[in-house]
Every structure is written in C-alpha cells, then in structure tokens.
Amino acid sequence: MGHLGSDVPMRILAIARNTFRENIRDKILYNLILFALIMILSSIALGQLTLGLESKMIIDLGLTSVSVFGTLIAIFIGISLVYKEMEKRTVYALLAKPVHRWEFIVGKYLGLLFTLLVNVVIMAIGIALTLLYQGGTETATFARLLPAIYLIYLSLALTTALALVFSTFSTPALSALFTLFLWIIGHFNADLLQFANLTKSATVGWVAKSLYYALPNFSNFTTLDSRNIIQSAAHAQAIDAGAILWITAYGLLYCCGLVTVAIAVFSRRDFK
Amino acid sequence: MAIIEIRNLTKDFRVGFWKNRPVRALDDLSLDVHKGDVFGFLGPNGAGKTTTLKILMSLLRATSGSAQILGEPVESVSMRRRIGFLPENPYFYDYLTPRELLTYVGHLFGIRQPALGKKVRSLLERVGLAEVSRLQLRKFSKGMVQRIGIAQAIINDPEVVFLDEPMSGLDPLGRREVREVIMSLKDQGVTVFFSSHILPDVEALCDRVAILRKGRLQAVGALEEILSMKIEAHEIILTRVKPDDADQLRSMCDALTMIGDRLHLRTSSSQQVQLILAHALANDAELISVNPVRPSLEDYFLHEVGSGRDGAPRQ
C-alpha cells in the first residue's frame, strides 16, 4: 500500500470504472442505444424520398438521434447513480473506506462521462456505417461530422452534470424533472437576454440577465454563428475552430462548477 | 491505550415536516474499547447502536461530543485504511461478482496487483465463497451476502473491525460461521466492535459489553461484572430422594421439579440452602450439585432494558 495521497487517482479510477461497469450491465441502456441505431438506419429509407440528398438526410437524422438519445441516456444515468448508492446503502460500506467524498463524486462523474463517450462513439459509428452503406459520401463529409458530434458530447457532459447535482439531494423522478426543465430553458436562453433588453423594469431586467448568465446555455452547443451545427454538418459547412475552443472552455467550466456543487452538497450529507 | 474512544457523543435527528422537532437518538455516550477486545454493543432496536456506528464511520455527524479511533478523529480518511466496517443488512453492487467486488474494494485501499489477486483468492477461501466467485451477487442468499460483507471489511488486514448486527437474519449455521470469523480475528489480535441483539452470540464472544437503552449507556464492563451484580438464587440437584422427603423439601424451597430421578430445587435464600442440604443428607439423599443461578444476559436484558422498547425511533 502506498501513501494515501498517491492513491487518489487509483481510487477515483476504481470508482469511475465501477460506475461504467454498472451502466454497461444495465439493460435499459442497451434498449436506448438500440433504438437510436434503428433511428439512424431508418434514415436510409427516408433518404430515398429526398433524391440526391440522401447523405444529408442521414447526417441530419443521425446527429439528431445522437443528440436526443444521448440526452435521454445522460439524464437517465445521471439521476440514478448517486441516488441508487444512497438508497441501496452501498455508499455506507464505500465511504467507510479511505475514500474522500469528493473522490466519490468525481469518480462517479468520470464514469458517467466515459459511459456517454462509449454511447456517442457507438452511435457515431452507426452513422458512419449508414453513410458508407449509402455510398457516394466524400471523406470530407465524415470529417465534418466530428465537430458536431464533439459539441453534442459536450452538451451531454453538461446535462449529466446537472442530473448528478440533483441526484445528490433528490429522488430520480424529481431530478429528471429538474434536469429536463433546465435543459429546455437552456435551449431558449437567448430569449431571456432579449427579454432583459426589452423590459422596462430595471429589476426584472436584472433578474432576467442574471438568469441568462447563471443558467446553462445549451444553445451554445447547438448553434454556431446563428447556424445550427447539425445543419452545418449536413450541408458540409466548415465550423470555426476558435468558436469550438470557446464553447469547450464554457462547457468545461460549467461542468466543473456543477461537480463542485455536487461535492459540496454530498459532503454535507448525513447518511441516516 | 483505548483503540476506540467515545466522549459525550450526542446525536439529535430533526423530524417532522419542517424538520423542526429534534429527537435524541444518542445521549451523552462515553465509552472506551481496548486493544484486542471483542466488544459487544447491545441494545434493543432503536437504542442508538447503528447511529453510534455511523458516527464512528463518519456517515453521520454528531450533534456534540467527539470520537476517536486509533488515536485519530473519526473524520480522518487516512485512519480508515486501518479499520474495517460491515454495515447492517449490507447490500453490495448486485451486478458484481464477489471477485469483482473485492478487487474494487482492494483498489480503494490502494492494494495493487499481484498482491491484490492473491488477497482476493485467500479471502474468498476464508469466507467459503471460492466456488461462487464468478456468480453475480444478485443471486446470493442473505448468508452469502453477509460473508462477502465480512470479506470486504477485512481485506485491508484492519486493526479494528466494526460489525453492525453481523448475525442478524442468519441461520444457526451462518451465525456459527460469523462467530468463527470473529474468533479468528481475535486470535490475530484484531479489536472487534460489534453490535447485536442476539445474546448467546454476545455471551460466547465478548470480553466486554456496553448496553445501550434509549440512546443512553445503561451498563458497560466485562460480562461477568455486569451479570454477577446479583446472584439470583441457588439450584440444588439431588438424587435418591424418598417421596416423603421430597414433600418436606418442597416446603423448604421456592421451586421444585423432578427430572428423571433427579430433584431440582431452587431457593433464593442462602440459609435455606444449608437447611435443605442438611435435611437431604440426613435422609440418605445424594447430592449432585449446588450452583449459584446468575441471570443470563438475556434475563438482564429483559429486566433492565425491556421497558426501553418504545425508545427513540429507529434511524
């Protein structure tokens, strides 16, 4: 056995690996991925209806499936994992081990991120295979998929971090509701700013503006230069690297903030 | 040196819709557990046993008071490398196999391969789960879960082991197995702190016990000290007693029963003992034994604690 400090990465990785293992042994997850793959495959049939635009259709529908099913998976695994550990009391034996509570949350979150990554990669491979089957797609088009998929993944990381925060103090049903609520508001965040600029009341304007900055801005991940990223990918339009860097910084910072909140809540908890 | 040192530990839970009504689950508990002891923590359900253990494991924060394990405050994470814990009615990740669970726990203790693989194998042998090491825990019986629970509690060769109701819900065979593990831990010099309400196990295992009632410490000490506080009566066993003498003896004692050809007499007065013996021996009866009757832990429990049943609500 080494020094306590030097084992921190080992413990976090052990918790992350166990979280991932729990996810991949859950059958509901397979159903969701299967459904997403069916959606992606069905785009072949729809592509037939839009002559000459088959690959556009496949990318459009495929990326939308990744986004929608990815979000469902992110919420589903995010809301239940920490709650389940408390509900089933597996956390009692775990926290009596030399494990800091923050290590538990960080390990859980990393496990969630890895689960999401594997899911997104599987769905992306599904899109690529569908495009290959269709034929006639240029290599450059495949390359254009990557930034879109990356941004979708970032938004999933943020969604699951939100779910994680709620799951440290609330039941899965309520956590799902809260997460979904914030996810929806987060997509219409820009309207809040517009409202703040339009309103005559200074107080209301201030509140709306504060909310705009405080709430997660999901439209950042779907819209670049007022163009939808999925549409951009489908039309093989280039995405600005600087913008991606900025969004990455935003996403990472927001996720770190949420994980910190989850740690703060979890560290104060009494396990009755 | 005390291995576990509990000082004036108090825990209030807030109940009610607004969480504004405090209920005292633990009231000013002070306790020392010494090195190498098997220490029994007794009390009826709701007495505060699990609350105490959860505070010791830092799963709950005490309202006031303090506790130290191995000279370190209970919040110390590094101290937890030297202790083991089995929760009450343990439940582990049911999608894991025993081998996977123990490997996971081993990683949390910073144990690396190949030492970990060897350790896991020997532990599975020790708790008798080697043959089912690849079966998912969801298929385990309660006794098997308890055994894997003990294995995960001792994987780090702890100096102190905390077991919360380790025998509850087990069949006699399972209880004996747990008893044997506790005995072998004691042989290795491990301090064992366990809570229980199964008294024969406690009587068989513990050097010292503490009895808790409604969150308060009722008694603490060696089992003999607590139980020998009062000798209730003496039991005299005679044989070859003539029927006439038996009738006479009946009037001299509190209770008399004939079992086979043996006469069992019970009296609470030591003067009566002498009279009975004199009478019996003068009439050619044969004396088999005279024994002081001490209350068993069970009697003590019923007498001292019985009324504490409606104590603090279980947390």
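**Cores, sheets and a chain contact in a predicted model**

The model is a predicted one, in which local features need pLDDT of at least 70 and side-chain atom pairs count only at pLDDT 80 or more, while totals for chains, interfaces and linings use all residues. Residues are numbered from 1 along each chain as its sequence is written, with chains lettered from A and ligands numbered from 1 in the order in which they are written.

B:Phe162, together with B:Val192, has the most contacts inside the largest nonpolar core, a set of 142 residues. Such a core consists of buried Ala, Val, Leu, Ile, Met, Phe, Trp, Tyr and Cys residues joined through C-beta atoms within 7 Å. A residue is buried if 20 or more other C-beta atoms lie within 10 Å of its own, exposed if 12 or fewer, and partly exposed in between. Helix H6 (residues 139-167) of chain A provides the largest share of this core, 16 residues. Helices (H or I, at least four residues) and strands (E, at least two) are DSSP runs numbered from the N terminus. Another core, of 11 residues, lies apart and includes B:Ile236, B:Cys253, B:Leu263 and B:Ala280.

An automatic or database assignment sets the domain bounds: in chain B, domain 1 covers 2-228 + 305-310 and domain 2 covers 233-293.

Now to strand S13 (residues 262-267) of chain B. B:Leu263, B:Leu265 and B:Thr267 make up its covered face, whereas B:Arg262, B:His264 and B:Arg266 lie on the uncovered one. In a regular strand, side chains alternate between the two faces of the sheet. Strands count as paired if DSSP finds at least two bridges between them. S13(B) pairs with strand S11 (residues 233-239) of chain B in the antiparallel sense over six bridges, with B:Ile236 opposite B:Leu265. Five bridges join S13(B) to the antiparallel strand S12 (residues 255-259) of chain B, and here B:Leu256 has B:Leu265 as its bridge partner. S12(B) and S13(B) form a hairpin with two residues between them, and B:Gly260 in the turn has a positive phi of about 65 degrees.

Finally, the two chains meet: 24 residues of chain A are in contact with 25 residues of chain B. On the chain A side, H1(A) gives the most, with five residues.

Definitions and conventions. Contact = placed C-beta atoms within 7 Å.
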